[in-house]
Amino acid sequence: MVNSDSLSSWHLATQNCGPMETNSFLLWQNREAVIIDPSIGADELLQKMRDLHSDGIRLIAIWNTHGHIDHVYDNARWKAEFDVPIFCHSADHFFLEHLREQSLWFGLAEPEVVPPDELLHEGQTLKVGDLEVQVLELPGHSPGSVAFYFDDHLVSGDVIFHHSYGRVDLPGADAKQLGRSLERVLQMPAQTQILCGHGALTSVGAEAQGNTAARDLMAKLAA
Ligand SMILES: [Zn+2]
């Protein structure tokens, strides 16, 4: 799937990848591109990036919303081909260094371990071409979960899903933190499109109305 918004002239391609049906995103604007969460066998996006490269568009970075194996599985492959830095939050370094253990949890072949090169943190502004992207810390599903926000779009990782939210039973997860992160997302402008780490695209408006699971979690924590 390729979405493009001709007004602001940024482009986004999405691929649903691997046994956990993880969404990977290729975002590009004005001669620069980033891959967000290169998951297991994101080959359509890899081919798309090779085509863009032939057209003079350069991959500048690999961004991870968090360190769970299905979101970082192909970091090594993309880094080997394009020689670009990996960005991740410091609180999720642990996961990138322990891909062996994570591959055992999920019954996957172990990918090559590559440490991150750059740290992500709250308030940071990243650029892809002329497009400014804000980094939001949204911990809870993992301690170093972040989202990427640009032009009314939020790449949310596994914080929120369509009428659901990320699991809190993995090491380092914290339901209270996730409740606060969900609150923050649901207070964003209603028209914000949410590009989830799994499943369908949704919006803040739709989730503020219909995500009873998130509402229940937030109410439980407030009680
Ligand atoms: Zn996850």
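Predicted model: local features only at pLDDT ≥ 70, side-chain atom pairs only at ≥ 80, totals over all residues.
Which residue in β15 stands opposite Ile 194?

Six strands make it up, and it is open. The order runs β8-β9-β10-β11-β14-β15, with mixed pairing. The edges are β8, residues 125-128, and β15, residues 202-203. Each has a single partner strand, so one side of each is left without a neighbour in the sheet. In general, strands of a sheet pair through backbone hydrogen bonds, either parallel or antiparallel. For β14, residues 193-196, and β15, the sense is antiparallel, over two bridges. Back to the opening question: Ile 194 faces Thr 202 there.

Next, helix α3, residues 75-82. Which of its residues are buried? Asn 75, Trp 78 and Lys 79 are. They span an arc of only 100 degrees around the axis, which means they sit on the same side of α3. The general rule is that an α-helix has 3.6 residues a turn, so residues three or four places apart point the same way. What covers the buried residues of α3? The cover includes β4 (32-36), β5 (58-63), α2 (69-72) and β6 (86-89). Just past the helix, Asp 83 adopts a positive phi of about 50 degrees.

Last, the core. The largest nonpolar core holds 55 residues. Within that core, the residues touching the most other members are Leu 26, Leu 27, Ile 35 and Ile 160. Take Leu 27. Setting aside neighbours within four places in sequence, Leu 27 contacts Trp 10, Leu 12, Ala 33, Val 34, Ile 36 and Val 128.

That's my tour.

Note on methods
Residues numbered from 1 in each chain as written. Core = buried A, V, L, I, M, F, W, Y, C linked by C-beta atoms within 7 Å. Buried ≥ 20, exposed ≤ 12 C-beta atoms within 10 Å, placed from the backbone. Contact = placed C-beta atoms within 7 Å. Helix = DSSP H or I, 4+ residues; strand = E, 2+ residues; numbered from the N terminus. Arc of directions from axis to C-beta. Pairing = 2+ DSSP bridges.
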